[in-house]
Amino acid sequence: MKLQELYKKQIVPALKEKLKLKNVMSVPRLSKVVINVGFGRNVKDKELIKDIENNLIILSGQKPVFNKAKKAISAFKIRDGMIIGAKVTLRGKRMWDFVEKLVNVYFPRVRDFRGLSDKAVDNSGNLTVGFKDILAFPEIEVADFERLHGLEICLNTTAGNRSAGLEFFHALNFPLLNKEEK
């Protein structure tokens, strides 16, 4: 069963009961998934930026939006309007397909992965996960690269608070560890 169907048929009633909610619409749900890559010191390397853009297209199935600097910072050699990163926002079916792959394929492929810290869930119930390199993603051919790059995935929810967010991600089978489990 796909994750979206599982959410609608099993997770929503279970969360409604567990969180003692009266309305089905108040049950936490995913609103969007944002995949973000900052260019860092490679801002002027056009070839690496093109590779990152292609990787985001392969990973998400849609073209990324480039982030521009809002102001100049001379210490980092950044000028106002310079492209400093790229991001993709997933919603709907693509979002659910990506989250299903994230839990079932990407996390198990990370080297020395023991689980995510429960501190990754913020006070609004959103989960942010960073990958140091893109080796965990089987869609991307790593043999072509001279330099690997990392990325950040932010899963935004309608949970509203941290405890509801933790319950939501536990219900979706995210490998979250409590402080005692580490």
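The side chain of S60 reaches back to the backbone oxygen of L56, at 2.6 Å. This is a predicted model, in which local features need pLDDT of at least 70, side-chain atom pairs count only at pLDDT 80 or more, and totals for chains, interfaces and linings use all residues. Residues are numbered from 1 along each chain as its sequence is written, and side-chain values use heavy atoms, with hydrogens and water left out.

Let's stay with S60 for a moment. S60 sits in helix 2, residues 46–60; helices (H or I, at least four residues) and strands (E, at least two) are DSSP runs, numbered from the N terminus. A polar atom of the S60 side chain also lies 3.2 Å from the backbone oxygen of Q62. With a relative accessible area of 8%, S60 is buried, a term for values under 20%, computed with a 1.4 Å probe on protein chains only. Beyond its neighbours within four places in sequence, S60 is in contact with I35, V88, L90 and R94, where contact means heavy atoms within 4.5 Å.

Now turn to a helix pair. Helix 1 (residues 3–18) and helix 3 (residues 92–109) pack with their axes 8 Å apart and at an angle of about 95°. The axes are lines fitted to C-alpha atoms over the stretch in contact, and angles run from 0 to 180 degrees between N-to-C directions. That makes helix 1 roughly perpendicular to helix 3, the label for 65 to 115 degrees. L3, Q4 and Y7 of helix 1 meet W96, V99 and E100 of helix 3.

Next comes helix 4 (residues 162–171), whose buried residues are A164, G165, L166, F168 and F169. Their cover includes helix 1, strand 1 (30–38), strand 5 (127–131), strand 6 (151–157) and strand 7 (176–177). After helix 4 comes N173, with a positive phi near 70°.

Finally, the core. The largest nonpolar core has 47 residues, of which L127, F131, F137, L151, I153, L155 and F174 touch the most other members. Such a core is a set of buried Ala, Val, Leu, Ile, Met, Phe, Trp, Tyr and Cys residues joined through side-chain atoms within 4.5 Å. Helix 3 gives the largest share of this core, eight residues. As for L151, leaving aside its neighbours within four places in sequence, its contacts are I35, N36, V37, L59, V129, G130, F131, I134 and F137.

Technical notes:
Buried < 20%, exposed > 50% of the residue type's maximum accessible area, 1.4 Å probe, protein only. Polar contact = N/O pair within 3.5 Å; in protein donor to acceptor, adjacent residues only side chain to side chain. Parallel < 35°, antiparallel > 145°, perpendicular 65-115°, else oblique.
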